Amino acid sequence: MRAVLTWRDKAEHCINDIAFKPDGTQLILAAGSRLLVYDTSDGTLLQPLKGHKDTVYCVAYAKDGLWSPEQKSVSKHKSSSKIICCSWTNDGQYLALGMFNGIISIRNKNGEEKVKIERPGGSLSPIWSICWNPSREERNDILAVADWGQKVSFYQLSGKQIGKDRALNFDPCCISYFTKGEYILLGGSDKQVSLFTKDGVRLGTVGEQNSWVWTCQAKPDSNYVVVGCQDGTISFYQLIFSTVHGLYKDRYAYRDSMTDVIVQHLITEQKVRIKCKELVKKIAIYRNRLAIQLPEKILIYELYSEDLSDMHYRVKEKIIKKFECNLLVVCANHIILCQEKRLQCLSFSGVKEREWQMESLIRYIKVIGGPPGREGLLVGLKNGQILKIFVDNLFAIVLLKQATAVRCLDMSASRKKLAVVDENDTCLVYDIDTKELLFQEPNANSVAWNTQCEDMLCFSGGGYLNIKASTFPVHRQKLQGFVVGYNGSKIFCLHVFSISAVEVPQSAPMYQYLDRKLFKEAYQIACLGVTDTDWRELAMEALEGLDFETAKKERKKRGETNNDLFLADVFSYQGKFHEAAKLYKRSGHENLALEMYTDLCMFEYAKDFLGSGDPKETKMLITKQADWARNIKEPKAAVEMYISAGEHVKAIEICGDHGWVDMLIDIARKLDKAEREPLLLCATYLKKLDSPGYAAETYLKMGDLKSLVQLHVETQRWDEAFALGEKHPEFKDDIYMPYAQWLAENDRFEEAQKAFHKAGRQREAVQVLEQLTNNAVAESRFNDAAYYYWMLSMQCLDIAQDPAQKDTMLGKFYHFQRLAELYHGYHAIHRHTEDPFSVHRPETLFNISRFLLHSLPKDTPSGISKVKILFTLAKQSKALGAYRLARHAYDKLRGLYIPARFQKSIELGTLTIRAKPFHDSEELVPLCYRCSTNNPLLNNLGNVCINCRQPFIFSASSYDVLHLVEFYLEEGITDEEAISLIDLEVLRPKRDDRQLEIANNSSQILRLVETKDSIGDEDPFTAKLSFEQGGSEFVPVVVSRLVLRSMSRRDVLIKRWPPPLRWQYFRSLLPDASITMCPSCFQMFHSEDYELLVLQHGCCPYCRRCKDDPGP
């Protein structure tokens, strides 16, 4: 251990106390009445803190507050004497107090005294410093105590003393633990800080000062120490702990906790600890000897037995004498001390027997073996000289001299080669006899020869391990640390303070020798440790090189003793194949003979050798012959051989790779339907080769309908897929889902929606429709938007058949139906305002704009412009004589934002309308066909009669009010019964029709009551429709069976809604004026208009149903 001064400063007053910031970045110290804050990295004074009027004796950084958060104030307790020092346990549960009268009081956090320790010195030994061990590994809390009786002691939390008091010979002023409780720092009147073990054994001096050391602290989680003195000096030191260790072959000894030595067996991983209880300065190990240098003596240990695995050491000798040396080496009967240029050889009794003086500083020394008492030493000097010294010889032998200083040395097992690492990190290898430099390698920091192989060494450097065999190129692999030994296949590597044995396969150097046909050397390398595959490769290479001796050794190494088998291998490599086959057969290895013939492509000889043997062997032979044909680019021959051998999969693979469709279908037709794997492979290749018909045939043969469906879908053969789906409904989703996606990808969204719907994927169907609708609105295609909203409504009606979703879906149905009607009407308005020419009559535009104005909700749907509706209404009203309505429209426009292109026309119209009369033309006034009331053009109630509240029914083309009245069936009459009654068309009997109005809390119902004895010839439905409305609520027309029977089928229109909706019934009051209802969307038209529109568009203008399509 050595201490390096990092920085130093001096204050004006005594340094009473020091504290580190928890993260170690700052240091605060008490100097007189001031506090000084330093940067620990470079000793910069960050700031002085003023404010105290008297001397500051103690400082500390707060970690978790000043007192317990559950207490409202600091609790106070009396003490029997002046308290000089205190320290909390790690868990914060107990506080130790050191007092001036020599008593130590241990209290809990409530202040209650639990333990009282009385020191022998009493008041003559004030407790000047105490500290709890911060280690978490200790079983018990340990308190270190330093008193002015010049002693240091250790106590458990219970008050029991650990060990004896240890004398200090100075008055201690401070004590603190270093690096998590492994060591102790002590300073005081001896004007220095000393490092002790946690048991109180002095290890060395951290730093000498000019005055008393009043305080010392270790920087958190580091190896730095700060010292504060009485004269105001602050010193900051870094402690550097060097590695003290020794290695001999597979035994490694190293220092632990500064006072212990651990000997580790690197192969068995056994360890033994030797406690010296003093600072261990040097360690040396050799064979069964272990030398440990302590401050005042050297201990020589020996093993109890000659057993190589024995790990029990006992003291053999003690040399009670203080020695100063740089390096220590132990031999069988001597120890060697190295001090700069001098080497001394001492016996185990401490007598100096011999001394050598060198020309330069000794940089490296190593024992290279020899008889006991006559061992050889390898010595490297700073001037580049390398010497060999024998313990019993006074004269050193110079092996060679190089230009650069020596860092590391090692000699090969035969003592013929020398490896040197110099100060330039270069590994140089010399021939000792000729002094010739054999080779050199860069980036080396240590080197070691293999103790079992003359020509192999390894060296480390730059984060890599390098293995070199003979003069072959270096084999590298990543490894951190220093190489210290190389034994067989194990490399011993020192990293930081630990050594590990790395198992390195010797395959790479073995193959390097094999490449040069050096079989004997390759065999030596293989003996160090290679895989079974490497052994077999070595044998084969040796046989090919006709080195039968090495091949035979390899077989013996693997435990093979069959001479016939070995001789057969020799004959085969000599070209005597028939003799080899006989020997293989005699040794019971017929398979090797077959392998030999097939490897040589001698298939005829193989068949002769096999004869009429096992069919499996014959099949194997044909398969190998087919493999050979395949490798020599004879694929058709290979296919035939594979088929004859039953290897259909391989035959199919060749046919598929070459695109031979005819051969594939031929194989598929010959295969049994149970052979699914080859049939499936056939179908796969046929599909890839664009022969879906043959692939379908194969799938049908297998009965794999699912794959057949996938084939039709992937090849887009939709008709075949639909036909298959009709026969097997379970594949409906597998067909219609991909079909819908394909339609969507090809911009056929409407068909895609229907396909999704048919596949039962309602969510996807609705999503497509919603997207189509949004796109249509965004692109101002309002007729398409109306169509998509109608489709959405019908989709919701279909889903409403599910009772769980009925209410929600019906609400959406009515909402989408309303939007479809609005967008259908608005399409004409939009085209009129955007296109230069209009295709609609003024009356139609007038009716549409009135319909929209009365139907629009508060929140105008997206894309619909109120400005365009009012502008069209004003323009057409003015043209048709509805001047009052035109004025109203222009007034409404004044409150809206007008686009620039309409601004001039609207301003002009607003002025010119003032010159017109303030009334509307009576010809335009709509008539209610139920109560015959003329309704105003501007109706605040909307599209209903102001008198009877009967909703108007509009033509979906001209938007005229149709002469239809909706009626409802009397309770108990079903739709089927109503149809049958209407279809009877019997003559009406004479009757007296009476009108009965029934009122309840929620509705009013008008019922027509007939009597048998009444007279008259009037229609019971029309006779009583005109009446004065008594209330403000709508009273529906409810008919009985008798009224239904009086109706004519041609006068009744029925909207036959699917469940859960009820059918709707309408009676035409002008039978001569024909009305047509679309059987799909149930929209009403004047028959002439409908026929004309169907002729123009080929379908219903609303739902786009073709005239030939059946209704819903």
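The protein has 28 helices and 55 strands; both are DSSP runs numbered from the N terminus, helices (H or I) of at least four residues and strands (E) of at least two. This is a predicted model: local features need pLDDT of at least 70, side-chain atom pairs count only at pLDDT 80 or more, and totals for chains, interfaces and linings use all residues. Residues are numbered from 1 along each chain as its sequence is written, and side-chain values use heavy atoms, with hydrogens and water left out.

Me: What share of the 1112 residues counts as buried?
Reply: Buried means under 20% relative accessible area, exposed over 50%, and partly exposed in between, with a 1.4 Å probe and protein chains only. Across the 1112 residues of the protein, the buried share is 48%.

Me: Is strand E42 enclosed or open?
Reply: E42 covers residues 456-461. Met456, Cys458 and Ser460 are buried on one side, and Leu457, Phe459 and Gly461 on the other. In a regular strand the side chains alternate between the two faces of the sheet. Six of the six residues of E42 are buried, so the strand is largely enclosed.

Me: Which residue of E42 stands opposite serine 446?
Reply: Two strands pair if DSSP finds at least two bridges between them. Strand E41 (residues 446-449) runs antiparallel to E42, with four bridges joining them. The two form a hairpin with six residues between them. Opposite serine 446 stands serine 460.

Me: What is the bridge partner of cysteine 458 in E43?
Reply: Strand E43 (residues 464-469) pairs with E42 in the antiparallel sense, over six bridges. Their hairpin has two residues between the strands, and glycine 462 there takes a positive phi near 65 degrees. In E43, cysteine 458 has as its partner isoleucine 467.

Me: What does the twist average in the open sheet E14-E15-E16-E17?
Reply: Four strands make up this open sheet, with antiparallel pairing. Strand E14 (172-178) and strand E17 (202-208) are its edge strands, each pairing on one side only. Axes are lines fitted to C-alpha atoms, for helices over the stretch in contact, and angles run from 0 to 180 degrees between N-to-C directions. From one strand to the next, the twist averages 25 degrees.

Me: How far apart are the end C-alpha atoms of helix H24?
Reply: H24 has 12 residues (883-894).

Me: Which helices are included in what covers the buried residues of H24?
Reply: The buried residues of H24 are Tyr883, Leu885, Ala886, Arg887, Ala889, Tyr890 and Leu893. Their cover includes helix H22 (842-855), helix H23 (866-880) and helix H25 (900-912).

Me: How much space lies in the largest cavity?
Reply: On a 1 Å grid over the protein atoms alone, a cavity is a set of points where a 1.4 Å probe fits but cannot get out; lining residues have an atom within 4 Å of a point. Grid points are joined across faces, edges and corners, and a volume is the space filled by probe spheres set on the points. The lining of the largest cavity includes Cys928, Tyr929, Arg930 and Phe952. Its space is about 50 Å³.

Me: Is asparagine 940 buried or exposed?
Reply: Asparagine 940 lies in the loop between H25 and strand E48 (964-969). Its relative accessible area is 79%, so asparagine 940 is exposed.

Me: What is the omega of the cis peptide bond that joins proline 1059 and proline 1060?
Reply: Proline 1060 lies in the loop between strand E52 (1052-1055) and strand E53 (1064-1068). For the cis bond from proline 1059 to proline 1060, omega is about 10 degrees.

Definitions and conventions: The expected span of a helix is 1.5 Å times one less than its number of residues. Contact means heavy atoms within 4.5 Å. On a 1 Å grid over the protein atoms alone, a cavity is a set of points where a 1.4 Å probe fits but cannot get out, and a pocket is an open set with protein on both sides within 12 Å along at least five of seven lines; lining residues have an atom within 4 Å of a point.
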